[in-house]
Amino acid sequence: MIDCFIPYTSDEQVSNTLKELLAEPLVDQVFFLSATPVTSQYTDCHCLVVPDLTSTTTMKAIADAAKSDFTFLYNKYDTLRLNYKAMQRLVGIARDTDAGMLYADHYHKSGDKRDKAPVIDYQLGSLRDDFDFGSVLFFNTRYLKEAASRMSESYRAAGFYDLRLLLSERYGIEHVNEYLYTDVEQDQRSSGEKIFDYCDPKNADSQKEMEAACTAHLKRIDAYLQPGDYRDVDFDVEQFPVEATVVIPVLNRVRVIGDAIKSVLMQKADFKFNLIIVDNHSTDGTTQAIDEAAKADPRVIHIIPERDDLGIGGCWNLAINDERCGKFAIGLDSDDVYATPDTLATMIAEFYKENAAMVCGTYMVTDADLHEIAPGVIDHHEWTPDNGRNNALHVNGLGGPRAFFTPIYRAINLPNTNYGEDYAMGLRISRDYRIGRVWTVMTCARRWDDNTDANLDIVKENANNLYKDRIRTWEVKARILKNKTAKK
C-alpha cells in the first residue's frame, strides 16, 4: 500500500530507519535516494540515483518510481522512528480527506532529550519556501504523479517547492496535528538566526529559483500583479505641520531609548521633522527618560495612550493619526538607532524620486553595543522593480526601516499586533502603489534577549509564522479579486 523513499549514504546510516519501515505491514517497497549507485546488504531495497533531495529531477524520479497507493518520503539523513500505528493513521486520514499530501507534528531527539516539534496548518498564503512540513511527507501517489507531470521547469533547489505548490492548486495539503514520529534536529541555530536564511548571499541562486516557482504559481492562480501597474501618488493632497515624523513605539526600554532618541535628533535635513514616541505604559523608567528628552527638545512629542489594548501596530496608528504627524512617517524600533545622520533625508528623498507610497531601507544586525553580528547587512535584494511585490509573498519580510506617505497610511492603518504588522502594510501598499528601496545601511538593528524575534520557543515561532501566512492568504485573495475585477 505504501512505497517509501529515504536518503542513503551508507547501510549504517539507514539501518535503524529501514528496520522501522520494513516492520510496517503496509509498506510495499523501499527506495534509497543516493547520489551514486548503491551496493547494499539490503538487497530487497531499490536505489534511485538522484542528484539531491530538492531538485525537479528527484521529485519526478520519485513520482515515476512510486507504484503503490501512497508514497512516503523521509527527507533527513537522521534516524526515523515511527510512532505506534503511525502508518495506519496516515493512510486513514489520506483516504478520508482525499488529500494530495499529509504532514504531521513530531518529536525531535538530541541525546537523551526529546522535545515536541509541532508544525502549523497549511493555507493559501503558506508560500514561504522554508515552510516547515517536518521530515515526513506522505502523498497520494496518483495526485503526486499528476502534479509531477505539470512540472515544466527544471530546478536544482526549488523542485519540492514547485511540486507542493502544484499539489496545493488542485488537492488538499493536510496537517495531521498528532505526534506521529521522532527524528533528530540537525539545525541547532536559534529562530532569530534562521529567519534571515533567505537573505544570505550564498543562497541567492536558490532564491531566484524559489522566486520563479512562486511567480509561476501566482500566475496559475491569477494572483500575479503585472509590473508597472501602479497608482500614482499626489504628494500635495494635504498640508502637514512638518515634512517628516519619526515614530518610536516603546514599552520598557529604559536601557536603550535614549540612544534611539539621540540618533533621531542628530539627523541632518533641509526640512522640518519631529519625533513622536508612543510610550505604551512603561514601568521601568522609560517614561521619565522620554519626558526629559521632550523638555530638552520641542521636536520630541511624548504620547501615553489612554487605551491599554494597543500592540505595536496600534501605537503606530495612534502616532500617525495624530494631528502633529508629518507628511511622511518613518519608523525606528526603540532598541535600534539610525546608522547615519542622513537616514531621514535619504529615505524621504526616495519618495519623490520613485513616486512611492512606502520606502524600505537597509539595516545591519548588531549586538547591543552596535558591533556587527551575523547575518550582517540585510538589504532584501530579492525585491526587484519588476517582480518585488510578487516575490514579497514568498519571503518573510520587506526590510527596514519602513517609511510611509501619511495619507495612504491613514487610509489603511496597521493591524493592532506586535508582530507582522509592518509586513501586512507593505503587502497591502504594494498591491496598488510603488515601494521605493534604499540599499545603503540606514539602521543598526540591535539583537538582544528582549527582541521580538531574537530567540523564540517553538510555540511562539509557530504563532508568528501562522499569522504571517494568514496575512499572505488575505493578500493573495485580494489580488485574485483585483485581477478578476480588472477583467470585467
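Which residues are exposed on the other side of H4? I found Arg142 and Ser149 there, taking exposed as over 50% relative accessible area and buried as under 20%, with a 1.4 Å probe and protein chains only.

I noted that this is a predicted model, in which local features need pLDDT of at least 70, side-chain atom pairs count only at pLDDT 80 or more, and totals for chains, interfaces and linings use all residues. Residues are numbered from 1 along each chain as its sequence is written, and side-chain values use heavy atoms, with hydrogens and water left out.

I then listed the buried residues of H4 (residues 141-149), which are Thr141, Tyr143, Leu144, Ala147 and Ala148; helices here are DSSP runs of H or I with at least four residues, strands are E runs of at least two, and both are numbered from the N terminus. Viewed down the axis of H4, these buried residues fall within an arc of 160° and so line one face of the helix, the arc being that of the directions from the helix axis to the C-beta atoms.

I looked up their partners and found that they pack against helix H2 (56-65), strand E4 (70-74), strand E8 (136-140) and helix H5 (159-170), where contact means heavy atoms within 4.5 Å. Leaving aside neighbours within four places in sequence, I saw Leu163 in contact with Met59, Phe139, Leu144, Ala147, Ala148 and Met151.

Last, I checked the loop between H4 and H5, where Ser152 is found, and recorded that Ser152 counts as exposed because its relative accessibility is 66%.
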